[in-house]
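Okay, everyone, thanks for coming. Let me put the model up, and then I'll talk you through the sheet, the chain and the dimer contact.

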Protein chains: 2
Amino acid sequence: MFKKPFFNRVALIGAGLIGSSLARVIKKKNLSDKIVICARRDETLSTVKKLGLADTVTKDLEFAVAQADLVVLCTPVGAYESLARKMSPFLKTGTIVSDVGSVKHSVISMVKPYLTDGVHFVPGHPIAGTENSGPESGFDTLFENRWVILTPQPGTDQNAINKVEELWRCAGAKTEIMDSKHHDRVLAITSHVPHLIAYTIVGTATDLEDRLKAEVVKFAASGFRDFTRIASSDPVMWRDIFLHNKNAVLEMLGRLTEDISTLQRYVRDSDSDKMEELFSRTREIRRSVIEAGQHIIPTPEKD
Amino acid sequence: MFKKPFFNRVALIGAGLIGSSLARVIKKKNLSDKIVICARRDETLSTVKKLGLADTVTKDLEFAVAQADLVVLCTPVGAYESLARKMSPFLKTGTIVSDVGSVKHSVISMVKPYLTDGVHFVPGHPIAGTENSGPESGFDTLFENRWVILTPQPGTDQNAINKVEELWRCAGAKTEIMDSKHHDRVLAITSHVPHLIAYTIVGTATDLEDRLKAEVVKFAASGFRDFTRIASSDPVMWRDIFLHNKNAVLEMLGRLTEDISTLQRYVRDSDSDKMEELFSRTREIRRSVIEAGQHIIPTPEKD
């Protein structure tokens with residue numbers, strides 16, 4: 001059995017799909033005496049209030065973090081540097097700062113320089129999500145049976161790391177400690193490049209002549225559907241991911257475009273053996289994903 | 001209310017996901033006095049028998065089609081030409097020949113030349129499916145609320161077209177008549193190229209160094225998962241699709257690779273405005289797909 005962490009005051013900065021799901025978990029499992037949600041937009045704050053996700057909602061970053069023993073950044077990563085700079089003077093000694101961003105190396109370089117020695121930084125990335133965004137889209141089972149990758153730098157307070165791990169385990173997740181640069185390469189191929197390609201395919205279809213475009217939607221069940229789902233993820237979040245994981249994305253995209261050219265040649269040459277060999281090999285990978293239990297698409301209905 | 005078609009004897013050649021689902025529909029809705037399933041492999045035939053999908057199972061193509069008033073080709077399209085050549089002498093006048101293949105123009109050129117004047121050819125393509133294959137994977141609600149595109153040539157017997165349309169409507173599908181070349185262009189962008197890309201992405205990941213490869217599976221929930229699902233579709237079926245829709249696939253793939261280069265440049269140049277604009281535009285398309293009711297992934301559980 002894992003230990004249940006306890007916080008006096010958790011401050012979540014941002015309340016999208018991930019932030020609001022985390023708030024739901026903390027509330028449901030009673031992991032903090034107080035939950036404060038800080039967001040910039042009135043609409044978000046009023047939705048958070050209506051849904052009862054926090055004890056306190058505020059636009060005031062200083063007020064949100066001042067007494068917190070855990071601060072979790074849940075905004076698109078592009079906002080991190082400014083948030084770290086602004087909140088840093090108000091963090092009390094011993095506060096744990098974590099996040100849920102999909103890139104990790106540049107997150108460390110954006111946030112770490114602003115934090116004083118007594119503040120513990122444990123960057124995190126829950127490998128979970130849906131294509132929906134906003135506080136209404138969250139649910140408390142989102143992290144069940146998912147991995148959360150933590151990328152603390154060497155020398156980070158072990159107690160702080162443990163508490164963040166315990167928090168995620170209470171959400172039903174499994175945790176793994178990883179080097180931030182390695183995280184960014186793994187995610188480039190499993191997540192960032194696939195999203196980039198899905199955005200491109202859907203974009204290509206929107207550039208077609210009108211009649212064809214209407215039919216693309218009508219006959220989406222043939223495969224296109226899945227790409228539209230992926231390509232409907234939050235635009236700002238994804239813009240920031242590509243801005244902040246540029247090198248790994250470009251490396252993996254380079255490999256991919258080479259492989260596309262190869263398959264393109266197979267098609268042009270009608271090389272049926274090579275095609276069948278590749279398509280059989282990829283089928284094996286699906287089996288591994290199913291064996292690892294990572295094939296299920298989480299939905300709120302599965303609560 | 002649409003008319004219920006009635007056949008004395010339906011012969012399904014092949015009993016994969018689509019063929020076996022169609023058999024289930026015909027049986028459930030009582031659309032034929034007799035269902036004959038013809039397949040090449042013993043394993044398929046014994047599964048079909050065990051599942052009770054047909055009144056008669058046989059390896060003998062001549063026997064299967066001889067008395068049929070409807071013959072539906074449900075094998076990978078690469079087998080069509082040989083099937084058409086072999087079965088043609090045994091088809092009685094008035095028989096309707098249809099199919100469920102994902103390409104239509106080359107299907108017409110493979111099958112039509114073998115059919116005599118009294119035989120009516122109504123090529124069809126149900127825009128429905130899952131990543132699973134084989135007779136066990138079929139279910140009778142697979143076609144509900146899906147489109148079936150029919151590509152009969154000008155001059156085809158209207159009665160025959162009507163009967164095939166009625167068959168699919170009984171399966172819960174909507175039908176649309178389309179030119180075969182146009183069908184192949186629409187499907188190239190909505191289905192064939194997306195599958196080709198999914199196969200490539202999963203293939204690229206299998207070429208990674210071992211440690212990274214294991215992690216790709218472990219952290220598949222980040223987006224890669226969806227591509228592994230698509231890339232686990234039947235290898236032979238997909239090989240045949242690319243072999244038989246080469247031109248449209250290469251045309252659409254050409255457009256796509258241009259667009260990938262454009263997005264690659266946005267990433268390299270950190271062009272945040274252009275990225276956000278594209279990602280917002282693709283989100284709109286998802287809304288259209290949802291409005292068209294084509295976003296739902298069919299599962300047997302939804303029966």
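This is a predicted model: local features need pLDDT of at least 70, side-chain atom pairs count only at pLDDT 80 or more; totals for chains, interfaces and linings use all residues.

**A walk through the model**

If you want one pair to look for, take A:Arg9, whose bridge partner in E2(A) is A:Lys34. Then there's helix H1 of chain A, residues 17-28, which packs on the sheet and touches E1, E2 and strand E4 (70-73) of chain A. The direction of H1 makes about 165° with that of E2(A).

Now zoom out to the whole sheet. In chain A, six strands make an open sheet, and the order is E3-E2-E1-E4-E5-E6, with parallel pairing. Which strands stand at the edges? Those are strand E3 (56-58) and strand E6 (120-122) of chain A; each has a single partner strand, so one side of each has no neighbour in the sheet. From one strand to the next, the twist averages 20°.

Okay, the chain as a whole. Chain A has twelve helices and nine strands. Its radius of gyration is 21 Å, close to the 19 Å that the globule rule gives for 303 residues, so chain A is as compact as a globular protein of that length. Along its principal axes, the C-alpha trace of chain A spans about 65 × 40 × 35 Å. Of those 303 residues, 55% count as buried. And if you take the contacts in chain A with a separation of 6 or more, 75% of them come from residues 24 or more positions apart.

What goes into the contact? It takes 78 residues from chain B and 77 residues from chain A. On the side of chain B that touches chain A, several helices supply at least two residues each, including helix H8 (210-218) and helix H11 (246-268) of chain B. The one that gives the most to that side is H7(B), with 18 residues. By type, the residues on that side of chain B divide into 42 nonpolar, 20 polar and 16 charged.

Definitions and conventions:
Residues are numbered from 1 along each chain as its sequence is written. Chains are lettered from A and ligands numbered from 1 in the order in which they are written. Two residues are in contact if their C-beta atoms, placed from the backbone, lie within 7 Å. Helices (H or I, at least four residues) and strands (E, at least two) are DSSP runs, numbered from the N terminus. Ala, Val, Leu, Ile, Met, Phe, Trp, Tyr, Cys and Pro count as nonpolar, Asp, Glu, Lys and Arg as charged, and the others, Gly among them, as polar. Two strands pair if DSSP finds at least two bridges between them. Axes are lines fitted to C-alpha atoms, for helices over the stretch in contact, and angles run from 0 to 180 degrees between N-to-C directions. The radius of gyration is taken over C-alpha atoms; the globule rule is 2.2 Å times the number of residues to the power 0.38. A residue is buried if 20 or more other C-beta atoms lie within 10 Å of its own, exposed if 12 or fewer, and partly exposed in between; C-beta atoms are placed from the backbone.
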